[in-house]
Amino acid sequence: MTAEHALALAIFATPLATPLIAMARNHPNLRETVTLATAAGLWLAVIAIVSAVHGGSQPALQVAQILPGMALAFSAEPLGALFALVAATLWIPTAIYAIGYMRGHHVPNQTRFFACFPLALASAMGIAFADNLFTLFVFYELLTLSTYPLVAHAGNEAAQRGARTYLFLLMGTSIGLLLPALIWTAMATGTLEFRPGGILAGHLPPHSAAILYALFLFGIGKAALMPFHRWLPGAMVAPTPVSALLHAVAVVKAGVFTVLKVTYYIFGLEFLQETGASTILAYVAGFTLVAASLVALTQDNLKARLAYSTVSQLSYIILGAATATAAGIMGGGLHIVMHAFGKITLFFCAGAILVAAHKSRVSELDGLGRRMPLTFAAFAIAAVSVAGLPPGGGTWSKWLLATAAMEDQQPLLLAALLFSTLLNLAYLMPVVGRAFFRPLPAGSAPGISEAPLACLLPLCFTALATLALFFWPDPILALLSPLHPGVFALGP
């Protein structure tokens, strides 16, 4: 199988699982076999693409010429290959986890739930491998539409309200801000293609470049930059596997990936440095990462606390992009991986606690670590990684982001990064402390133990992966190295 064939399979063959899953609605085992087989097939296709990119080639596929200069086309480059690899890899444990969660929690309409997942992953692949802004915009919208039914899955008033907020903010920002940014770019440059070094140099004055960059960053609503972040906490009414999809596998990672790709391939680092167009947005990201962490401290609902944590963590990546430095781009790309594995583990743990103990609030977790030691140990490992401390993989991405702030001579941004790390510990470690170091409340229900294996095994796998990423981060940087060959290797 050539890399070009793998590219076509990843984007266009994955959705074929949706009708097969729908037809198997009365046969749960067959339905879930199709889901797992599709996830495995997507992973193999992405591995073939990543291998080609790592070997120095750039597989490409042109599907249709819509208008002169506007094609539906795909190509694989390092950032896109990395995002696709994260999404495809994490879909496998997410699918296994979803089976255990949906059955263990007796969630209705499971066929509809599983049928939407291939559509969402195919949309994420389209974003990852988009060859131009037009193609990216099409699949960006498809990702919103394919995940809307998942957010609204419960069907109650809270789910419908959260889904409306989700759809309104994501479609509103993309149509009201991102689409005008695309049109402005096309009018200024005559192209929407992604090119190394950017396409805007010589076409825009500094003040116009700053406005355009703001349109892009706020228009990419999936990146959850304040004040367009409310959809993310609102979407926490969805089942936990959907939260994993939103926070780690596809949606928010599609947002920050798009920020990195626009920064590197549309604006170009040299152009941003010369014009200073991204400086104000770097401070907006710095504000968001601190403010969202402070809000997370106030949340007693565990999933809400994790949702605001995600808002904060996404802004680390945006901040890295906005510094317009090599370390910022590399650190942002690395943090997509590190945060994905850490945050999916935290959400898997939250869902396992709900399935096994029927607890959803931090204040209700006293003593549960004695009944669910593997779940809370995994939570502790992921919390350390998200905070950016050894031996978690997040150590290296945050190190590069701090390096970027120093290279950009932005001491306030460096201070925000360091302060936010302390806040990460402040809102995550009390969960571990309550579980292991407080007694079970009197009258606690007997028989609480670990969640079913289909829930437990994925969270153990992703927790161990966060440790492995601390010791072996260099393969990721090797994949990204064509962007900036001079960035140093990492690892203990």
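## Exercises on a predicted model

About 400 Å³ of space lies in the largest pocket of this predicted model. Let's work through it and a few other features together.

**Exercise 1. Which residues of the lining are closest to the centre of the largest pocket, and which helices supply at least two residues each?**

Step 1. The lining has 17 residues, and the closest to the pocket centre are Leu85, Val337, Leu469, Pro475 and Ile476.

Step 2. Now turn to the helices: at least two lining residues each come from helix 3 (28-54), helix 4 (78-104), helix 15 (326-357), helix 20 (453-471) and helix 21 (474-480).

**Exercise 2. Find what the pair of Trp396 and Phe470 ties together.**

Step 1. Check the geometry: the two rings lie 5.3 Å centre to centre with 15° between the planes, a stacked pair.

Step 2. Trp396 sits in helix 18 (residues 394-407) and Phe470 in helix 20, so their pair ties together parts that are 74 residues apart in sequence.

Step 3. Apply the burial cut-off again: Trp396 has 14% relative accessibility and counts as buried, and Phe470 is buried with 10%.

Step 4. Widen the view, and ring pairs link Trp396, Phe470, Phe471 and Trp472 into a cluster.

**Exercise 3. Describe how strand 1 and strand 2 are joined, and explain why strand 2 is largely enclosed.**

Step 1. Strand 1 (residues 60-67) and strand 2 run antiparallel, joined by 6 bridges. Across them, Gln62 stands opposite Ala73 in strand 2.

Step 2. The hairpin has 2 residues between the strands, and Gly69 takes a positive phi near 80° there.

Step 3. Of the 6 residues of strand 2 (residues 70-75), 5 are buried, so the rest of the structure largely encloses this strand.

**Exercise 4. Which ring does the charged end of Lys222 sit over?**

Solution. The ring is that of Tyr140, with the charged end of Lys222 3.4 Å from its centre.

Conventions:
Residues numbered from 1 in each chain as written. Predicted model: local features only at pLDDT ≥ 70, side-chain atom pairs only at ≥ 80, totals over all residues. Heavy atoms only, no water. Buried < 20%, exposed > 50% of the residue type's maximum accessible area, 1.4 Å probe, protein only. Helix = DSSP H or I, 4+ residues; strand = E, 2+ residues; numbered from the N terminus. Pairing = 2+ DSSP bridges. 1 Å grid on protein atoms, 1.4 Å probe; cavity = no way out; pocket = protein on both sides within 12 Å on 5 of 7 lines; lining within 4 Å. Points joined across faces, edges and corners; volume = space filled by probe spheres on them. Phe/Tyr/Trp six-rings, centres within 6.5 Å; stacked < 30°, edge-to-face > 60°. Lys NZ or Arg CZ within 6 Å of the ring centre and 35° of its normal.
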